[in-house]
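Colleague: I'd like to learn how to read the features of a model like this. Could you take me through them?

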Amino acid sequence: MSINRVTISGNLTRDPELRATAGGTQVLSFGVAVNDRRRNPQNGEWEDYPNFVDCTMFGTRAEAVSRYLSKGSKVAIEGKLRYSSWERDGQRRSKLEVIVDEIEFLSRGQQGGGQGGYGQPAYGQGGYDAASMPAPAPQAPAPVPPAGDVFDEDIPF
């Protein structure tokens with residue numbers, strides 16, 4: 001058995017690029033810088049070393065998400081790795097990229113925050129700051145009807 005899951009968080013290295021396939025599927029491409037901390041052997045100080053990760057997202061969500069991302073946006077991404085190889089100018093080339101399944105905006109955009117697409121704070125204008133979000137209000141459990149007393153018209157939708 002093998003598992004192909006990736007979770008990263010970092011900042012976009014460039015503005016996302018939205019394009020469409022010949023079949024009309026939306027494709028969003030962007031890069032994310034993810035820091036790796038290592039101790040410098042010369043001075044013993046901890047230093048950040050960036051890793052640059054190519055990310056790709058498909059479908060109608062790709063188009064919606066593209067409106068809220070720009071260079072420098074902080075995001076958390078969950079997805080899977082995909083290896084691609086090709087030949088250009090007689091040279092063999094390859095890359096490893098993340099195919100995005102889930103994305104969460106971690107920083108506010110230049111336009112300010114607020115609720116936006118999909119009706120969830122994570123898809124708002126540039127995202128949200130989790131520390132500033134109010135705690136959800138407690139909800140009472142739904143009443144359970146007595147056995148044999150359930151009709152289709154009684155089921156809430």
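Colleague: Let's start inside. Which residues touch the most other members of the largest nonpolar core?

Modeller: A nonpolar core is a set of buried Ala, Val, Leu, Ile, Met, Phe, Trp, Tyr and Cys residues joined through side-chain atoms within 4.5 Å. Buried means under 20% relative accessible area, exposed over 50%, and partly exposed in between, with a 1.4 Å probe and protein chains only. Here the largest core has 20 residues, and Phe-30, Val-32, Cys-55, Leu-69, Ile-77 and Ile-103 touch the most other members. Two or more residues come from each of β1 (6-12), β3 (26-39), β4 (46-58), α1 (60-66), β5 (74-88) and β6. Helices (H or I, at least four residues) and strands (E, at least two) are DSSP runs, numbered from the N terminus.

Colleague: What does Phe-30 touch, leaving out residues up to four places away in sequence?

Modeller: Contact means heavy atoms within 4.5 Å. By that rule Phe-30 touches Leu-12, Arg-14, Pro-16, Val-53, Asp-54, Cys-55, Leu-69, Ile-77, Val-100 and Ile-103.

Colleague: Before we go on, what ground rules apply to this model?

Modeller: It is a predicted model, in which local features need pLDDT of at least 70 and side-chain atom pairs count only at pLDDT 80 or more, while totals for chains, interfaces and linings use all residues. Residues are numbered from 1 along each chain as its sequence is written, and side-chain values use heavy atoms, with hydrogens and water left out.

Colleague: And what is the mean pLDDT of the protein?

Modeller: pLDDT is the predictor's confidence in each residue, from 0 to 100. The mean for this protein is 79, and 68% of its residues reach 70 or more. Over residues 110-134 the value is below 50, and that stretch has 51 contacts in the model beyond near neighbours in sequence. Residues 149-157 are also below 50, with three such contacts.

Colleague: Back to side chains. Is Glu-97 buried or exposed?

Modeller: Glu-97 lies in strand β6 (residues 91-105) and is buried, because its relative accessible area is 2%. For its partners, think of a polar contact as a pair of N or O atoms within 3.5 Å; within protein, one must be able to donate a hydrogen and the other to accept it, and residues adjacent in sequence count only if both atoms are side-chain atoms. The side chain of Glu-97 has such a contact with that of Thr-56 at 2.6 Å, and another with that of Arg-82 at 2.7 Å.

Colleague: How many aromatic pairs does a search of the whole structure find?

Modeller: Rings of Phe, Tyr and Trp (its six-membered ring) pair if their centres lie within 6.5 Å; planes under 30 degrees apart count as stacked, over 60 as edge-to-face and the rest as tilted. The search finds one pair. The rings of Tyr-68 and Phe-105 have centres 6.2 Å apart and planes at 45 degrees, so this pair is tilted. Tyr-68 sits in the loop between α1 and β5 and Phe-105 in strand β6, so the pair ties together parts 37 residues apart in sequence. Both Tyr-68 and Phe-105 are buried.

Colleague: Which charged end sits over the ring of Tyr-49?

Modeller: A charge sits over a ring if NZ of Lys or CZ of Arg is within 6 Å of the ring centre and within 35 degrees of the ring normal. Here it is the charged end of Arg-38, 3.9 Å from the ring centre of Tyr-49. Tyr-49 is in strand β4 and is partly exposed, with a relative accessible area of 26%.
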